[in-house]
Amino acid sequence: MIERRRFERTPIEVLKNLAPRVYFPNDPTPYSVDNLSFTGLFIKTQPNHRKGEVLDIELEIPAIGRIPMSIQVVHVDPTEKKGIGVEILEIPEGFKKIWAHYVKACHILLEAKEEYQKLKT
């Protein structure tokens, strides 16, 4: 499969206590994020969304707060992973820098964790 992503994805499950939660309109259920990049997310949810569907969501970052964003569904995974791959279409101007810092911090923390694990082996 050809990799078409412009930004590296960070598998967020290894940083569980920092993992964001997604809230869909009119649904109080928090949904977990499997991985993220500056331009996209994989959200673990029932695959009842359609490819091409545009949604407005709120992404809650622990210890920071909620960031509103518009997303478009680019992949629906009905298998055991169950979820949707989305492209971030828009983040309000004041929140873009916060999102960028968070994504960068997750990537750096993952690298730190990998380096630490190398020392323990």
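Which residue of β7 does Gly40 stand opposite? In this predicted model, Gly40 stands opposite Glu87 in β7.

The protein chain contains 1 helix and 7 strands. Read from the N terminus, the order of these elements is β-β-β-β-β-β-β-α. Of the 121 residues in the protein chain, 35% count as buried. Among the contacts in the protein chain with a separation of 6 or more, 55% are made by residues 24 or more positions apart.

The pairing of β3 and β4 is antiparallel and extends over 3 bridges, with Asn35 opposite Phe42 in β4. These two strands form a hairpin, with 3 residues between them. The pairing of β4 and β7 is also antiparallel, and it comprises 4 bridges. Besides the position of Gly40 opposite Glu87, Ile43 stands opposite Ile84 in β7. In a regular strand, side chains alternate between the two faces of the sheet. In β4 both faces are covered: Gly40 and Phe42 are buried on one side, and Leu41 and Ile43 are buried on the other.

Strand β7 is also joined to β6, by 7 bridges in the antiparallel sense. Ser70 stands opposite Glu90 in β7. β6 and β7 form a hairpin with 5 residues between them. In the turn of this hairpin, Lys82 has a positive phi of about 40 degrees.

In soluble globular proteins, nonpolar side chains tend to be buried together. The largest nonpolar core of this model has 23 residues, and Leu41, Ile43, Met69 and Trp99 have the most contacts inside it. At least two residues of this core come from each of β3 (31-36), β4, β5, β6, β7 (83-90) and α1. Leu41 and Ile43, both listed among the residues with the most core contacts, lie on one side of β4.

The count of aromatic pairs is 2. Phe24 and Tyr31 form an edge-to-face pair, with 5.3 Å from centre to centre and 70 degrees between the planes. Phe24 is buried because its relative accessible area of 8% falls under the 20% cut-off. Tyr31, at 18% relative accessibility, also counts as buried by this cut-off. Trp99 and Tyr102 form a tilted pair, with 5.9 Å from centre to centre and 35 degrees between the planes. Trp99 and Tyr102 are both buried. A further ring, that of Tyr23, has Arg66 over its face, at 3.8 Å from the ring centre.

Helix α1 spans residues 93-120 and includes Gly94. Is Gly94 buried or exposed? Gly94 counts as exposed because its relative accessibility of 60% is over the 50% cut-off. The C-alpha atom of Gly94 is separated by 9.6 Å from that of Ile67, and the two residues are 27 residues apart along the chain.

His49 is found in the loop between β4 (40-43) and β5 (54-61). With a relative accessibility of 15%, His49 counts as buried. Which side chains are joined to that of His49 by polar contacts? The side chain of His49 has a polar contact of 3.5 Å with that of Asn48 and one of 3.4 Å with that of Glu53. Leaving aside neighbours within four places in sequence, His49 is in contact with Phe24, Leu55, Val73, Val76 and Ile84. Among these, Phe24 belongs to the edge-to-face pair, and Ile84 is the residue opposite Ile43 in the pairing of β4 and β7.

Asp77 is found in strand β6, which covers residues 65-77. Asp77 is buried, at a relative accessible area of 12%. The side chain of Asp77 makes a polar contact of 2.4 Å with the side chain of Thr79. Not counting residues up to four places away in sequence, Asp77 touches Phe42, Pro47, Lys82 and Gly83. Of these residues, Lys82 lies in the turn of the β6 and β7 hairpin, and Phe42 is one of the buried residues of β4.

Terms used. Residues numbered from 1 in each chain as written. Predicted model: local features only at pLDDT ≥ 70, side-chain atom pairs only at ≥ 80, totals over all residues. Heavy atoms only, no water. Buried < 20%, exposed > 50% of the residue type's maximum accessible area, 1.4 Å probe, protein only. Phe/Tyr/Trp six-rings, centres within 6.5 Å; stacked < 30°, edge-to-face > 60°. Lys NZ or Arg CZ within 6 Å of the ring centre and 35° of its normal. Polar contact = N/O pair within 3.5 Å; in protein donor to acceptor, adjacent residues only side chain to side chain. Contact = heavy atoms within 4.5 Å. Core = buried A, V, L, I, M, F, W, Y, C linked by side-chain atoms within 4.5 Å. Pairing = 2+ DSSP bridges.
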